[in-house]
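Dear colleague,

Please find the structure below, handed over for your records. My notes on it come directly after.

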Amino acid sequence: MMMDWLIAGAVIMLVAAALSGARFPRVWLALTLAGTATLLATAFWTLGGGAEWDWRSSFAVGGERIHLRLDALSAWFLALVAVVGGGGAVYARGYWPDCEHPASAGRGRTWWSMLVLCMSLVLLCANGLHFLMAWEAFALSAFFLITLERERRETRAAGWLYLAASHAGTLGLFAFFSLLATKTGSWELGPMRDHAELAPLFWVALFGFGVKAGMFPLHIWLPSAHANAPSHVSAIMSGVAIKMGLYGLVRFSGWLPLPAGAGWVVLALGAVSAVLGAAFALAQNDLKRLLAYCSVENMGVILIGLGVALLGTANGDTAWGRLAMAGALLHVWNHGAFKALLFFGAGSVLHATGTREMSRLGGLWRAMPWTASLFAFGSAAISALPPLNGFVSEWLVYLGLFDAAASHTRVAVAIVPATIALGVTGALALAGFVKASAVVFLGAPRTQVAVHAHECGWWMRAPMLALAGICACLALAPAAVWPFISRVLVGWRSAWSGGKPPASLITLGYTHLALAASLTVAAIALWFRSRTNGVRRALTWDCGYALPTARMQYTGGSFAALASGWFGWVLRPERRLHWPRGPFPRQADFVERIPETVLERVIGPVGDAVMVASAWVRQRQQGSLPDYILYLVAALAAMGALVLFGSI
Amino acid sequence: MNDWLNLLIGLAMGLNLVALGTSRLPSLIRVAALQGMVLGIMPLVIEHELRLLAVAVAIATVAIKGLVIPALLRRAMRTANIDRDLHPLIGFLPSLLLGAAGMIGAVVLASRLPLLPEHHESLLVAGSLASVLAGLLLLIGRSKAISQVCGYLILENGIYLFGLLLIHSVPLLVEGGILLDLTVAVFVTGIIVDRIQRAFDSLDTRKLTVLRE
């Protein structure tokens, strides 16, 4: 009963927030925070062992009674929605205030509440029809948030691309849910592992949810949408919204029977997404685009975990599958936390300098110490460096992979390459974030905008600090989260019930504590030493050339050139080079652009072909009656031929 | 009796080809009228005993298809002051060949259709399909409004032939309705032809496409 009231209260508060958003920013902030806090409370109540909440309406919407359900898996994702939804609301007050964006700030607040509400409803709906409705509303709210700054051309293009890709995915989901409803005779969702004929539907779901999750070949909308949206929107899109696609995959791989190759395919897609996402991230020059590709990479890591877990279930519910799934789930939280933190940091940089181009930044460390430290903290976490939380979840996935490889089953054939791919991904991600943090924050300012940067206010700093705190908690006390993970695992696969946290997880927690303590001690010692002895100050990316101009510093592009050169076959960088000529060269320049390979080399040409074909068809539509009659006769003849010869 | 019927249908099919091959509008109208009259007397051949209704229908059909509609068309032609379709979209020889091919196809198709046993012997279905095809071919291939109206007439004749299959169950009710529609259509077209002629100084329907939207 209490849960009924809590959830109803959260929904009402979020609706009220959406209504008040345009006019009353303070009321909106209070209502949104209260709503997300309530959602967080319900999520932790369920994760902490509370009974599964199940509610059916007495009235029907669209011919079906509303059926909401909150189990451990939904709660796991709901907690993430609530944290980033609340944090982003606070951040938006500093980042997107009415005085700077009078036209769009109110709109942004309204759609923010709608987005949080719709994502929560997606997680709660246990009826296919209402799931689709909530999904569509969620996609639309995200579209309006992405296009907040719609006077910019790139933003509009990114919004349309997102909308088109999102609807392609939704089309897959329409097919999925209606086929499911046809085959089971009801829109109700729930465990149906005994219907073996439903297995092929997994592929449809993989496409539909994969588009939203930003799986590699389907990620086309993600970089431009994340780069062009306001940063708090990028944070929730990247930290939470793409997790909704993942939620769908996890949810339905738990409920539906699985086709034979499901685990292999998910594992392969995960490995491809991880490696190529990291490679694309490394090659970017746009800070937010780098973070966006990094999301593709992290989704790949999660999908690797999910794929191993699916293989584990197909091989008799092995312990290694359980470990990998636990790693994947924990990485959902981890990535949500540090990716939101990083996007908030990138937003702070963008707010201070007005540019996302890393080659125009540099040396921001002095002007923005808070942002720089928090961004560096997030970078270390996302690069899976111990003692931070990214390492915990990737390490669980690694444990699953190692145990699977050691199990000497047929699975090892796929596991070994996947392990190598995960290792390569880690290295590339680390390189990418060294590049991002160092080029933006270290060295000397490359342009005037970087010189005049200023630190962000407390509205923006507070959510970043909170997220960093969450990252630290997850890093230092991973075993404390284990009961929650364990409940989600049981909900996903009942055979994986019980089980204490793996002994190594507790050890890892202590190791992290020791490591963090010793790092703190070392830092304090270093600080004292530099206080007493003084310290020589020099530029980080100097290479001895920072004079006469800061533009002669080592650039991000040259730092990444070696590693991104290995992936030239897929990155396909477009280079334009004017060599310096003659003894006194006047002009020489070098321009490099990394295209969106999938979009520009695959989807683009296909779209062009469709346009040419459509133009040709349009030419045949000239309003001439004889032509129309001819088409009619031709169609009739074709149908006649089909009837006559088709039956032979 | 079936022999008489088949003879008449064969005549109608021959007239289709004449219509496709001719370039002169008066002869096209004459062919359409002749075909209409041939079709008009068919109910008399089919019916075993002559009843008043059948006779009345036959007389009405012959009168409308053979006399009234051609008269309307001739008047329109005279007002428009043309007598040739000089620039057809499909040439006369190709349309003749296409019509012949369509006729063969119609016969083949009719032999493959699952018909009642009493219709197997007659050419009714084949003739009907051939006339519909010839009518459509005229509609597609001719540019002048009057030849297109003749195409409609021949198309309608094909439908009429098909309706004759049902003469024992639905005595010419559908046919009567279509005939009424068609007469009105021809009447209206006659007026429109006159107006087009005055407005555009031509009857080429291709020029009407500039009116769209």
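The notes below treat the source of the model, then chain A element by element, and then chain B.

This is a predicted model, in which local features need pLDDT of at least 70 and side-chain atom pairs count only at pLDDT 80 or more, while totals for chains, interfaces and linings use all residues. Residues are numbered from 1 along each chain as its sequence is written, and chains are lettered from A and ligands numbered from 1 in the order in which they are written.

Helix α2 (residues 25-47) and helix α3 (residues 72-95) of chain A have axes that come within 8 Å and cross at roughly 160°. Helices here are DSSP runs of H or I with at least four residues, strands are runs of E with at least two, and both are numbered from the N terminus. Axes are lines fitted to C-alpha atoms, for helices over the stretch in contact, with angles from 0 to 180 degrees between N-to-C directions. α2(A) and α3(A) are therefore roughly antiparallel to each other; angles over 145 degrees count as such, under 35 as roughly parallel, 65 to 115 as roughly perpendicular and the rest as oblique. α2(A) passes α3(A) in a left-handed crossing, meaning that the near helix is turned anticlockwise from the far one by less than a right angle, whereas clockwise would be right-handed. The residues making the contact include A:Leu29, A:Leu33 and A:Phe44 of α2(A), and A:Trp76, A:Val83 and A:Arg93 of α3(A). Two residues are in contact if their C-beta atoms, placed from the backbone, lie within 7 Å. By class, this contact of α2(A) with α3(A) has 18 nonpolar, five polar and one charged residues. Ala, Val, Leu, Ile, Met, Phe, Trp, Tyr, Cys and Pro count as nonpolar, Asp, Glu, Lys and Arg as charged, and the others, Gly among them, as polar.

Strand β1 (residues 53-61) and strand β2 (residues 64-70) of chain A pair in the antiparallel sense over six bridges, pairing being assigned if DSSP finds at least two bridges between two strands. A:Asp54 has A:Arg69 in β2(A) as its bridge partner. Two residues separate the strands in the hairpin of β1(A) and β2(A), where A:Gly62 takes a positive phi near 65°.

Strand β3 (residues 574-578) of chain A has zero buried residues out of five, so it lies largely in the open. A residue is buried if 20 or more other C-beta atoms lie within 10 Å of its own, exposed if 12 or fewer, and partly exposed in between, with C-beta atoms placed from the backbone. Five bridges join β3(A) to the antiparallel strand β4 (residues 589-593) of chain A, and A:Glu574 stands opposite A:Arg593 in β4(A). In the loop between α22 (568-571) and β3 of chain A lies A:Arg572, whose phi is positive, near 45°, in a residue other than glycine. A:Arg572 counts as exposed, with 12 C-beta neighbours inside 10 Å.

Helix α12 (residues 319-353) of chain A packs against α15(A) at an angle of about 160°, with the axes 8 Å apart. The two helices, α12(A) and α15(A), are therefore roughly antiparallel to each other. The residues of their contact divide into 14 nonpolar, eight polar and two charged.

A:Val392 lies in helix α15 of chain A and counts as buried, with 27 C-beta neighbours inside 10 Å. Its contacts beyond four places in sequence are A:Leu330, A:Leu474, A:Ala475, A:Pro478 and A:Leu508. A:Phe402, in helix α15 (residues 389-406) of chain A, is partly exposed, with 14 other C-beta atoms within 10 Å.

The loop between α14 (369-382) and α15 of chain A holds A:Pro387, and the peptide bond from A:Pro386 to A:Pro387 is cis, with omega near 0°. A:Ala384 is also found in the loop between α14 and α15 of chain A; its phi is near 60°, a positive value in a residue other than glycine. A:Ala384 counts as buried, with 25 C-beta neighbours inside 10 Å.

Chain B

The secondary structure of chain B comes to eight helices and zero strands. Of its 213 residues, 40% count as buried. Among contacts in chain B between residues at least 6 apart in sequence, 74% join residues at least 24 apart.

With kind regards
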